[in-house]
Amino acid sequence: MERLNLRRRGEILETLRLNEVDADYPFMLVQSQADSERILEAALAERDVVVERGIEATSIRIEGGFAHVGLTSASGEETVIARTVLGADGAHSMVRHALGVSFHGTAYKEPWRLWDLELDTPLDHKDGHNHGSRNELLRLLTSSTGVETAENGIRNFVPG
Ligand SMILES: Cc1cc2nc3c(=O)[nH]c(=O)nc-3n(C[C@H](O)[C@H](O)[C@H](O)COP(=O)(O)OP(=O)(O)OC[C@H]3O[C@@H](n4cnc5c(N)ncnc54)[C@H](O)[C@@H]3O)c2cc1C
């Protein structure tokens, strides 16, 4: 996406022309989470790492220099004993809570919602559109074009 239109009550107030920025990548890359996950999962598979889904880490106990991680899934509960645990479990991280690590920074008071939709709209789909009012912001970004380019862009960032 090369331009972002800032709109209010249907009118364009300003257009941010990302394609005129002096940068190596003068655009905004919009890619669905599903595509990102597919690319990263394929990169992991090439390195013989398998992503297991449907398993929740529920507890961590440190004992004898090892972490005992409690896991729950549809097939029951198990404990994995590991020397290292990497917590990549998001903003409400169980791992962070279990280790008593505080959350730095601030959080939004309001929930943010994200939808992937097919829209029938007269808006130019090559642009992004921010619709703002005093209390609300709706951002429409399209990922309908340049999917190949987007994949190639992300691939460059996968450590190899
Ligand atoms: C609406 C919205 C729009 C955003 N837009 C942008 C944007 O345009 N650009 C940008 O840079 N950032 C954006 N962000 C922020 C970005 O999504 C987050 O910063 C990023 O996803 C954080 O990545 P993460 O891997 O730390 O956590 P997450 O992406 O939240 O991943 C955590 C994963 O851990 C799993 N998990 C959680 N708890 C457990 C558990 N106990 N056991 C097992 N698995 C667990 C979750 O299911 C999830 O898969 C946006 C966020 C939102 C909500």
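The model is predicted, so to speak of local features we need pLDDT of at least 70, side-chain atom pairs count only at pLDDT 80 or more, and totals for chains, interfaces and linings use all residues. Residues are numbered from 1 along each chain as its sequence is written.

I start with the helix. Helices here are DSSP runs of H or I with at least four residues, strands are runs of E with at least two, and both are numbered from the N terminus. Of the 14 residues of α1, 0 are buried, so the helix lies largely in the open. Buried means that 20 or more other C-beta atoms, placed from the backbone, lie within 10 Å of the residue's own. Just after α1, Asp-48 has a positive phi of about 60 degrees.

Next, the strands. Two strands pair if DSSP finds at least two bridges between them. Strand β3 (residues 56–63) runs antiparallel to β4 (residues 66–73), with 7 bridges. Glu-63 stands opposite Phe-66. The hairpin has 2 residues between its strands, and Gly-64 in the turn has a positive phi of about 60 degrees. β4 also pairs with β5 (residues 76–82), again antiparallel over 7 bridges, and Thr-72 faces Glu-77 there.

Last, which residues are around the ligand? They are Glu-56, Ala-57, Ala-88, Asp-89, Gly-90, Met-94, Trp-112 and Leu-114, where near means a C-beta atom, placed from the backbone, within 6 Å.

Methods. Buried ≥ 20, exposed ≤ 12 C-beta atoms within 10 Å, placed from the backbone.
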